[in-house]
Amino acid sequence: MDGMPQLRVAVAGAGIAGLTLALALHRAGIDCHLYEQAEHLTEVGAGVQVTPNAARLLHRLGLRERLRAVAVTPRAIEMRRWDDGGLLKRTELGDLCHRRFGAPYYAVHRAHLHDALLSHVPPEHVHLGARLTAVTQNTDAARLHLSDGTTVTADLAVGADGIRSVTRQHLAADRPRYSGQTIYRGLIPAARLPHLTADPRVRLWFGPGRHCVCYPVSAGRQVSFGATVPASDWGEESWSAPGDRAALAAAYQGWHPDVTRLIGAADTVSRWALYDRDNPGRLSAGRVAVIGDAAHPMLPFQAQGANQAVEDAVALAACLAGAGPGGLGAALHRYERVRLPRTTRIQRQSRANATTFHLADGAGQRRRDAAAQTSPGLEEHAWLFGYDAERAATSSRSRRWN
(Lines give C-alpha, C1' and ligand atoms only; values in the text may rest on other atoms or scores of the structure.)
Protein backbone atom coordinates (compact mmCIF):
# COMPACT_ATOMS: atom_id res chain seq x y z
CA MET A 1 0.00 0.00 0.00
CA ASP A 2 1.40 3.41 -1.00
CA GLY A 3 2.71 5.38 1.94
CA MET A 4 2.84 2.36 4.27
CA PRO A 5 6.20 1.92 6.05
CA GLN A 6 8.18 -0.99 4.61
CA LEU A 7 8.72 -4.10 6.71
CA ARG A 8 12.34 -5.02 7.38
CA VAL A 9 12.94 -8.75 7.87
CA ALA A 10 16.20 -10.31 9.06
CA VAL A 11 16.52 -14.08 8.60
CA ALA A 12 19.02 -16.29 10.42
CA GLY A 13 20.07 -19.10 8.11
CA ALA A 14 20.46 -19.52 4.35
CA GLY A 15 19.42 -23.12 3.90
CA ILE A 16 16.36 -24.22 1.97
CA ALA A 17 13.97 -22.56 4.45
CA GLY A 18 15.77 -19.23 4.60
CA LEU A 19 16.39 -18.96 0.87
CA THR A 20 12.77 -19.82 0.05
CA LEU A 21 11.57 -17.16 2.47
CA ALA A 22 13.93 -14.57 1.03
CA LEU A 23 12.74 -15.34 -2.49
CA ALA A 24 9.06 -15.27 -1.48
CA LEU A 25 9.47 -11.99 0.41
CA HIS A 26 11.38 -10.47 -2.49
CA ARG A 27 8.48 -11.41 -4.77
CA ALA A 28 6.12 -9.69 -2.30
CA GLY A 29 8.23 -6.51 -2.29
CA ILE A 30 9.39 -6.93 1.31
CA ASP A 31 12.95 -6.07 2.31
CA CYS A 32 14.75 -9.19 3.55
CA HIS A 33 18.36 -10.00 4.38
CA LEU A 34 19.81 -13.42 5.22
CA TYR A 35 22.57 -13.99 7.79
CA GLU A 36 24.37 -17.31 7.43
CA GLN A 37 27.15 -18.58 9.68
CA ALA A 38 28.97 -20.50 6.93
CA GLU A 39 31.74 -18.72 5.07
CA HIS A 40 30.76 -20.50 1.86
CA LEU A 41 27.36 -21.92 0.93
CA THR A 42 27.65 -25.64 0.34
CA GLU A 43 24.63 -27.86 0.95
CA VAL A 44 25.43 -31.18 2.60
CA GLY A 45 23.40 -34.34 2.35
CA ALA A 46 22.29 -36.27 -0.69
CA GLY A 47 18.83 -36.44 -2.19
CA VAL A 48 15.53 -34.85 -1.29
CA GLN A 49 12.04 -35.74 -2.47
CA VAL A 50 10.15 -32.60 -3.49
CA THR A 51 6.49 -33.54 -3.34
CA PRO A 52 3.74 -31.69 -5.25
CA ASN A 53 2.75 -29.55 -2.24
CA ALA A 54 6.19 -27.90 -2.36
CA ALA A 55 6.85 -28.26 -6.10
CA ARG A 56 3.89 -26.04 -7.00
CA LEU A 57 5.22 -23.31 -4.70
CA LEU A 58 8.74 -23.54 -6.10
CA HIS A 59 7.33 -23.30 -9.63
CA ARG A 60 5.53 -20.07 -8.68
CA LEU A 61 8.79 -18.70 -7.33
CA GLY A 62 10.39 -19.21 -10.77
CA LEU A 63 12.25 -22.49 -10.29
CA ARG A 64 10.29 -24.63 -12.74
CA GLU A 65 12.92 -24.79 -15.49
CA ARG A 66 15.84 -25.22 -13.09
CA LEU A 67 14.12 -28.12 -11.37
CA ARG A 68 13.17 -29.79 -14.64
CA ALA A 69 16.81 -29.62 -15.72
CA VAL A 70 18.35 -31.24 -12.64
CA ALA A 71 15.61 -33.37 -11.08
CA VAL A 72 14.12 -36.77 -11.87
CA THR A 73 10.37 -37.41 -11.97
CA PRO A 74 9.92 -40.91 -10.51
CA ARG A 75 7.24 -43.12 -12.01
CA ALA A 76 6.22 -44.65 -8.69
CA ILE A 77 6.97 -45.26 -5.02
CA GLU A 78 7.49 -48.93 -4.23
CA MET A 79 7.59 -50.42 -0.74
CA ARG A 80 9.07 -53.92 -0.47
CA ARG A 81 9.98 -56.55 2.09
CA TRP A 82 13.51 -56.62 3.38
CA ASP A 83 14.41 -60.24 2.63
CA ASP A 84 12.63 -61.47 -0.49
CA GLY A 85 11.86 -58.07 -2.04
CA GLY A 86 8.16 -58.84 -2.14
CA LEU A 87 6.08 -55.84 -3.22
CA LEU A 88 3.97 -54.45 -0.37
CA LYS A 89 2.63 -51.34 -2.05
CA ARG A 90 3.08 -49.36 -5.25
CA THR A 91 1.93 -45.76 -5.54
CA GLU A 92 1.86 -44.40 -9.08
CA LEU A 93 3.50 -41.01 -9.60
CA GLY A 94 4.75 -39.57 -12.90
CA ASP A 95 2.14 -38.01 -15.16
CA LEU A 96 -0.73 -39.36 -13.05
CA CYS A 97 0.51 -37.47 -10.00
CA HIS A 98 1.09 -34.30 -12.03
CA ARG A 99 -2.42 -34.38 -13.47
CA ARG A 100 -4.04 -35.15 -10.12
CA PHE A 101 -2.29 -32.45 -8.09
CA GLY A 102 -1.22 -29.94 -10.72
CA ALA A 103 2.47 -30.30 -9.87
CA PRO A 104 5.11 -33.00 -10.25
CA TYR A 105 6.88 -35.20 -7.75
CA TYR A 106 10.64 -34.56 -8.00
CA ALA A 107 13.69 -36.42 -6.77
CA VAL A 108 16.55 -33.93 -6.65
CA HIS A 109 20.03 -33.56 -5.23
CA ARG A 110 19.72 -31.26 -2.23
CA ALA A 111 22.64 -29.13 -3.45
CA HIS A 112 20.89 -28.55 -6.80
CA LEU A 113 17.73 -27.36 -5.05
CA HIS A 114 19.80 -25.10 -2.82
CA ASP A 115 21.68 -23.65 -5.81
CA ALA A 116 18.44 -23.03 -7.70
CA LEU A 117 17.02 -21.04 -4.78
CA LEU A 118 20.25 -19.13 -4.23
CA SER A 119 20.42 -18.10 -7.89
CA HIS A 120 17.10 -16.24 -7.51
CA VAL A 121 17.99 -14.29 -4.35
CA PRO A 122 19.84 -10.97 -4.82
CA PRO A 123 23.42 -11.72 -3.73
CA GLU A 124 23.73 -8.47 -1.80
CA HIS A 125 20.96 -9.74 0.51
CA VAL A 126 22.93 -12.84 1.57
CA HIS A 127 25.54 -12.21 4.29
CA LEU A 128 28.00 -15.06 4.92
CA GLY A 129 30.25 -15.64 7.92
CA ALA A 130 27.52 -14.15 10.10
CA ARG A 131 27.12 -16.51 13.07
CA LEU A 132 24.12 -15.77 15.25
CA THR A 133 24.76 -15.71 19.00
CA ALA A 134 21.47 -14.25 20.30
CA VAL A 135 18.20 -12.66 19.30
CA THR A 136 16.68 -9.87 21.37
CA GLN A 137 13.58 -7.75 20.95
CA ASN A 138 11.53 -4.94 22.40
CA THR A 139 8.28 -3.29 21.39
CA ASP A 140 9.98 -1.41 18.55
CA ALA A 141 12.38 -3.88 16.91
CA ALA A 142 14.05 -7.28 16.85
CA ARG A 143 17.84 -7.64 16.79
CA LEU A 144 20.20 -10.33 15.58
CA HIS A 145 23.47 -10.34 17.53
CA LEU A 146 26.34 -11.79 15.50
CA SER A 147 29.63 -13.27 16.70
CA ASP A 148 31.70 -10.43 15.23
CA GLY A 149 29.90 -7.92 17.45
CA THR A 150 27.55 -6.70 14.73
CA THR A 151 23.91 -6.09 15.62
CA VAL A 152 21.24 -6.24 12.89
CA THR A 153 17.99 -4.41 13.58
CA ALA A 154 14.73 -5.29 11.85
CA ASP A 155 11.00 -5.23 12.36
CA LEU A 156 10.94 -9.04 12.35
CA ALA A 157 13.59 -11.67 13.06
CA VAL A 158 12.98 -15.09 11.52
CA GLY A 159 14.85 -18.17 12.62
CA ALA A 160 15.61 -20.47 9.71
CA ASP A 161 18.61 -21.70 11.65
CA GLY A 162 17.87 -25.40 11.80
CA ILE A 163 17.29 -27.94 14.53
CA ARG A 164 19.92 -26.35 16.77
CA SER A 165 18.21 -22.98 16.40
CA VAL A 166 19.28 -20.05 18.55
CA THR A 167 16.09 -18.23 17.60
CA ARG A 168 13.84 -21.02 18.91
CA GLN A 169 14.83 -20.11 22.48
CA HIS A 170 12.17 -17.37 22.33
CA LEU A 171 9.52 -20.07 21.91
CA ALA A 172 10.60 -23.03 24.02
CA ALA A 173 13.34 -24.03 26.46
CA ASP A 174 13.72 -27.49 24.93
CA ARG A 175 16.43 -29.64 23.43
CA PRO A 176 16.60 -31.91 20.40
CA ARG A 177 15.25 -35.43 20.99
CA TYR A 178 17.31 -38.36 19.74
CA SER A 179 15.21 -40.96 17.93
CA GLY A 180 17.43 -43.98 18.59
CA GLN A 181 18.18 -44.16 14.86
CA THR A 182 21.05 -43.05 12.67
CA ILE A 183 21.01 -42.88 8.90
CA TYR A 184 23.78 -43.59 6.41
CA ARG A 185 23.52 -41.48 3.27
CA GLY A 186 25.39 -41.62 0.00
CA LEU A 187 25.44 -40.87 -3.71
CA ILE A 188 26.36 -43.50 -6.29
CA PRO A 189 26.96 -43.14 -10.04
CA ALA A 190 23.84 -44.47 -11.75
CA ALA A 191 25.91 -46.51 -14.20
CA ARG A 192 26.82 -48.85 -11.35
CA LEU A 193 23.17 -49.66 -10.65
CA PRO A 194 21.39 -50.15 -13.99
CA HIS A 195 18.85 -52.48 -12.36
CA LEU A 196 17.72 -49.60 -10.13
CA THR A 197 17.86 -46.73 -12.62
CA ALA A 198 16.41 -47.96 -15.91
CA ASP A 199 12.90 -47.36 -14.56
CA PRO A 200 13.10 -44.36 -12.17
CA ARG A 201 11.27 -45.07 -8.95
CA VAL A 202 11.51 -44.29 -5.24
CA ARG A 203 12.24 -47.70 -3.71
CA LEU A 204 11.95 -48.59 -0.04
CA TRP A 205 12.69 -51.85 1.73
CA PHE A 206 11.21 -52.34 5.22
CA GLY A 207 12.75 -54.72 7.74
CA PRO A 208 13.23 -55.37 11.44
CA GLY A 209 14.69 -52.28 13.09
CA ARG A 210 15.69 -50.50 9.89
CA HIS A 211 14.79 -49.57 6.34
CA CYS A 212 16.54 -48.48 3.15
CA VAL A 213 15.39 -46.00 0.50
CA CYS A 214 16.89 -45.01 -2.85
CA TYR A 215 15.99 -42.94 -5.91
CA PRO A 216 17.78 -41.32 -8.86
CA VAL A 217 18.81 -37.64 -8.76
CA SER A 218 21.04 -35.27 -10.77
CA ALA A 219 18.99 -35.73 -13.96
CA GLY A 220 19.45 -39.49 -13.57
CA ARG A 221 23.23 -39.47 -13.27
CA GLN A 222 23.33 -40.45 -9.59
CA VAL A 223 21.40 -42.57 -7.12
CA SER A 224 20.78 -41.17 -3.66
CA PHE A 225 20.24 -43.61 -0.83
CA GLY A 226 19.56 -43.56 2.89
CA ALA A 227 19.79 -46.58 5.20
CA THR A 228 18.75 -46.37 8.84
CA VAL A 229 20.45 -48.28 11.63
CA PRO A 230 19.43 -48.28 15.30
CA ALA A 231 22.07 -46.90 17.65
CA SER A 232 21.10 -46.31 21.25
CA ASP A 233 24.49 -44.90 22.24
CA TRP A 234 24.93 -42.18 19.60
CA GLY A 235 26.11 -39.11 21.50
CA GLU A 236 24.51 -35.72 21.01
CA GLU A 237 27.95 -34.21 20.46
CA SER A 238 28.11 -35.95 17.06
CA TRP A 239 25.29 -35.15 14.67
CA SER A 240 27.05 -36.25 11.51
CA ALA A 241 30.25 -38.07 10.75
CA PRO A 242 31.94 -40.06 8.00
CA GLY A 243 30.26 -43.45 7.80
CA ASP A 244 31.88 -46.89 7.96
CA ARG A 245 30.87 -48.79 4.82
CA ALA A 246 31.74 -52.13 6.37
CA ALA A 247 29.54 -51.43 9.40
CA LEU A 248 26.68 -50.41 7.12
CA ALA A 249 27.06 -53.57 5.03
CA ALA A 250 27.08 -55.68 8.19
CA ALA A 251 23.89 -54.00 9.42
CA TYR A 252 22.10 -55.09 6.22
CA GLN A 253 23.55 -58.56 5.91
CA GLY A 254 20.91 -60.99 4.71
CA TRP A 255 18.75 -58.33 3.06
CA HIS A 256 17.56 -58.56 -0.54
CA PRO A 257 20.37 -58.45 -3.13
CA ASP A 258 19.09 -55.13 -4.49
CA VAL A 259 19.84 -53.59 -1.10
CA THR A 260 23.21 -55.23 -0.55
CA ARG A 261 24.37 -54.35 -4.07
CA LEU A 262 23.21 -50.77 -3.54
CA ILE A 263 25.24 -50.46 -0.35
CA GLY A 264 28.22 -52.20 -1.90
CA ALA A 265 28.31 -49.75 -4.81
CA ALA A 266 28.93 -46.71 -2.59
CA ASP A 267 32.48 -45.33 -2.43
CA THR A 268 31.81 -43.26 0.68
CA VAL A 269 28.91 -42.73 3.08
CA SER A 270 28.06 -40.22 5.76
CA ARG A 271 26.30 -41.08 9.00
CA TRP A 272 23.77 -38.79 10.65
CA ALA A 273 22.05 -39.04 13.98
CA LEU A 274 18.29 -38.54 13.60
CA TYR A 275 16.79 -35.98 15.95
CA ASP A 276 13.55 -34.07 16.15
CA ARG A 277 12.03 -31.76 18.77
CA ASP A 278 8.67 -31.62 20.46
CA ASN A 279 6.10 -29.23 19.06
CA PRO A 280 6.40 -25.90 20.94
CA GLY A 281 2.74 -25.06 20.35
CA ARG A 282 3.66 -21.72 18.77
CA LEU A 283 5.68 -20.39 15.86
CA SER A 284 6.22 -16.79 16.95
CA ALA A 285 6.80 -14.67 20.02
CA GLY A 286 6.56 -10.90 19.68
CA ARG A 287 8.79 -9.90 16.79
CA VAL A 288 10.44 -13.33 16.43
CA ALA A 289 9.20 -16.21 14.25
CA VAL A 290 10.61 -19.58 13.20
CA ILE A 291 10.31 -21.72 10.07
CA GLY A 292 11.47 -25.13 8.90
CA ASP A 293 13.63 -27.21 11.22
CA ALA A 294 13.85 -24.35 13.71
CA ALA A 295 10.07 -24.64 14.11
CA HIS A 296 9.26 -28.35 13.73
CA PRO A 297 12.25 -30.58 12.97
CA MET A 298 10.97 -33.89 11.62
CA LEU A 299 12.33 -37.37 11.29
CA PRO A 300 12.80 -38.17 7.59
CA PHE A 301 10.20 -40.95 7.59
CA GLN A 302 7.61 -39.10 5.54
CA ALA A 303 10.02 -37.19 3.28
CA GLN A 304 8.51 -33.86 4.33
CA GLY A 305 11.24 -31.88 6.14
CA ALA A 306 12.31 -29.76 3.17
CA ASN A 307 8.77 -29.62 1.79
CA GLN A 308 7.36 -28.23 5.02
CA ALA A 309 10.17 -25.67 5.16
CA VAL A 310 9.10 -24.47 1.70
CA GLU A 311 5.45 -24.36 2.80
CA ASP A 312 6.36 -22.38 5.94
CA ALA A 313 8.37 -19.84 3.99
CA VAL A 314 5.74 -19.19 1.34
CA ALA A 315 2.93 -19.07 3.91
CA LEU A 316 4.81 -16.62 6.12
CA ALA A 317 5.56 -14.38 3.15
CA ALA A 318 1.87 -14.46 2.14
CA CYS A 319 0.84 -13.47 5.67
CA LEU A 320 3.35 -10.60 5.76
CA ALA A 321 2.50 -9.25 2.31
CA GLY A 322 0.86 -5.87 2.68
CA ALA A 323 0.96 -6.02 6.47
CA GLY A 324 3.46 -3.27 7.22
CA PRO A 325 5.10 -2.90 10.65
CA GLY A 326 1.77 -2.02 12.26
CA GLY A 327 0.16 -5.24 11.11
CA LEU A 328 2.98 -7.56 12.13
CA GLY A 329 1.21 -9.10 15.12
CA ALA A 330 -1.90 -10.02 13.17
CA ALA A 331 0.22 -11.42 10.30
CA LEU A 332 2.20 -13.68 12.64
CA HIS A 333 -1.00 -14.85 14.29
CA ARG A 334 -2.34 -15.88 10.87
CA TYR A 335 0.90 -17.69 10.12
CA GLU A 336 0.66 -19.72 13.32
CA ARG A 337 -2.99 -20.58 12.83
CA VAL A 338 -2.39 -21.76 9.27
CA ARG A 339 0.79 -23.73 9.84
CA LEU A 340 0.58 -25.31 13.30
CA PRO A 341 -2.18 -27.88 12.65
CA ARG A 342 -0.58 -29.11 9.44
CA THR A 343 3.01 -29.31 10.63
CA THR A 344 1.91 -30.96 13.88
CA ARG A 345 0.09 -33.69 11.97
CA ILE A 346 3.03 -34.35 9.67
CA GLN A 347 5.58 -34.33 12.48
CA ARG A 348 3.52 -36.87 14.46
CA GLN A 349 3.14 -39.11 11.41
CA SER A 350 6.89 -38.99 10.80
CA ARG A 351 7.48 -40.17 14.37
CA ALA A 352 4.88 -42.92 14.03
CA ASN A 353 6.55 -44.16 10.84
CA ALA A 354 9.76 -44.70 12.82
CA THR A 355 7.91 -47.62 14.39
CA THR A 356 5.76 -48.70 11.45
CA PHE A 357 8.66 -48.93 9.01
CA HIS A 358 10.81 -51.01 11.37
CA LEU A 359 8.47 -53.69 12.69
CA ALA A 360 10.00 -57.08 13.37
CA ASP A 361 8.56 -59.96 11.38
CA GLY A 362 5.41 -61.11 13.12
CA ALA A 363 1.77 -60.23 13.68
CA GLY A 364 2.24 -56.45 13.63
CA GLN A 365 4.30 -56.61 10.47
CA ARG A 366 1.67 -58.77 8.78
CA ARG A 367 -1.09 -56.32 9.70
CA ARG A 368 0.99 -53.44 8.31
CA ASP A 369 1.64 -55.29 5.06
CA ALA A 370 -2.00 -56.28 4.66
CA ALA A 371 -3.09 -52.67 5.16
CA ALA A 372 -0.55 -51.54 2.56
CA GLN A 373 -2.01 -53.96 0.01
CA THR A 374 -5.48 -52.41 0.37
CA SER A 375 -4.47 -48.71 0.45
CA PRO A 376 -6.07 -46.33 -2.09
CA GLY A 377 -2.72 -45.49 -3.69
CA LEU A 378 -2.18 -41.92 -4.78
CA GLU A 379 -5.47 -40.73 -3.27
CA GLU A 380 -4.11 -41.66 0.15
CA HIS A 381 -1.74 -38.71 -0.24
CA ALA A 382 -4.31 -36.14 -1.38
CA TRP A 383 -4.35 -34.35 1.99
CA LEU A 384 -0.57 -33.97 1.76
CA PHE A 385 0.18 -33.45 -1.94
CA GLY A 386 -2.93 -31.43 -2.79
CA TYR A 387 -2.41 -28.79 -0.12
CA ASP A 388 -1.61 -25.24 -1.25
CA ALA A 389 0.16 -23.39 1.58
CA GLU A 390 0.08 -20.03 -0.18
CA ARG A 391 -3.64 -20.28 -0.85
CA ALA A 392 -4.30 -21.33 2.75
CA ALA A 393 -2.34 -18.35 4.09
CA THR A 394 -3.96 -15.90 1.70
CA SER A 395 -7.49 -17.08 2.38
CA SER A 396 -6.85 -16.90 6.11
CA ARG A 397 -6.79 -13.11 5.89
CA SER A 398 -10.55 -13.07 5.45
CA ARG A 399 -11.20 -15.49 8.30
CA ARG A 400 -12.11 -14.42 11.77
CA TRP A 401 -10.11 -16.30 14.36
CA ASN A 402 -11.69 -16.85 17.77
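Reader: Which residue stands opposite G159 in β19?

Author: V290 stands opposite G159 in β19. Please keep in mind that this is a predicted model.

Reader: What makes strand β11 and strand β19 count as a pair?

Author: DSSP has to find at least two bridges between two strands. Strand β11 (residues 156-159) and strand β19 (residues 288-290) have three bridges, in the parallel sense, so they meet that definition.

Reader: Which sheet do β1, β11 and β19 belong to?

Author: They belong to an open sheet of six strands with mixed pairing, in the order β7-β2-β1-β11-β19-β18.

Reader: Why are β7 and β18 called edge strands?

Author: Each of them, β7 (126-127) and β18 (284-285), pairs on one side only.

Reader: How do you know that both faces of β11 are covered?

Author: On one side L156 and V158 are buried, and on the other A157 and G159 are buried. In a regular strand the side chains alternate between the two faces of the sheet.

Reader: Why is strand β14 described as largely enclosed by the rest of the structure?

Author: Count its residues: eight of the eight in β14 (residues 210-217) are buried, so the strand is largely enclosed. R210, C212, C214 and P216 point one way, while H211, V213, Y215 and V217 point the other way.

Reader: What makes β13 and β15 pairing partners of β14?

Author: At least two bridges are needed. Strand β13 (residues 202-207) has five with β14, and strand β15 (residues 222-230) has six with β14; both pairings are antiparallel. F206 has H211 in β14 as its bridge partner, and V217 has Q222 in β15.

Reader: Which residue takes a positive phi in the hairpin of β13 and β14?

Author: G209 does, with a phi near 80°, and two residues lie between those strands. In the hairpin of β14 and β15, with four residues between the strands, S218 takes a positive phi near 55°.

Reader: Why is the pair of F206 and F357 called stacked?

Author: Ring centres must lie within 6.5 Å for a pair, and planes under 30 degrees apart count as stacked. Here the centres are 4.4 Å apart and the planes make 20°, so the pair is stacked. F206 lies in strand β13 and F357 in the loop between α9 (328-356) and α10 (363-373), 151 residues apart.

Reader: How do you know that F206 and F357 are buried?

Author: Buried means under 20% relative accessible area. F206 has 4% and F357 has 10%, so both are buried.

Reader: What makes us say that the charged end of R345 sits over the ring of W383?

Author: The distance part of the cut-off is within 6 Å of the ring centre. The charged end of R345 is 3.6 Å from the centre of the W383 ring. Likewise, the charged end of R342 sits over the ring of Y387, 3.8 Å from its centre.

Methods
Residues numbered from 1 in each chain as written. Predicted model: local features only at pLDDT ≥ 70, side-chain atom pairs only at ≥ 80, totals over all residues. Heavy atoms only, no water. Buried < 20%, exposed > 50% of the residue type's maximum accessible area, 1.4 Å probe, protein only. Phe/Tyr/Trp six-rings, centres within 6.5 Å; stacked < 30°, edge-to-face > 60°. Lys NZ or Arg CZ within 6 Å of the ring centre and 35° of its normal.
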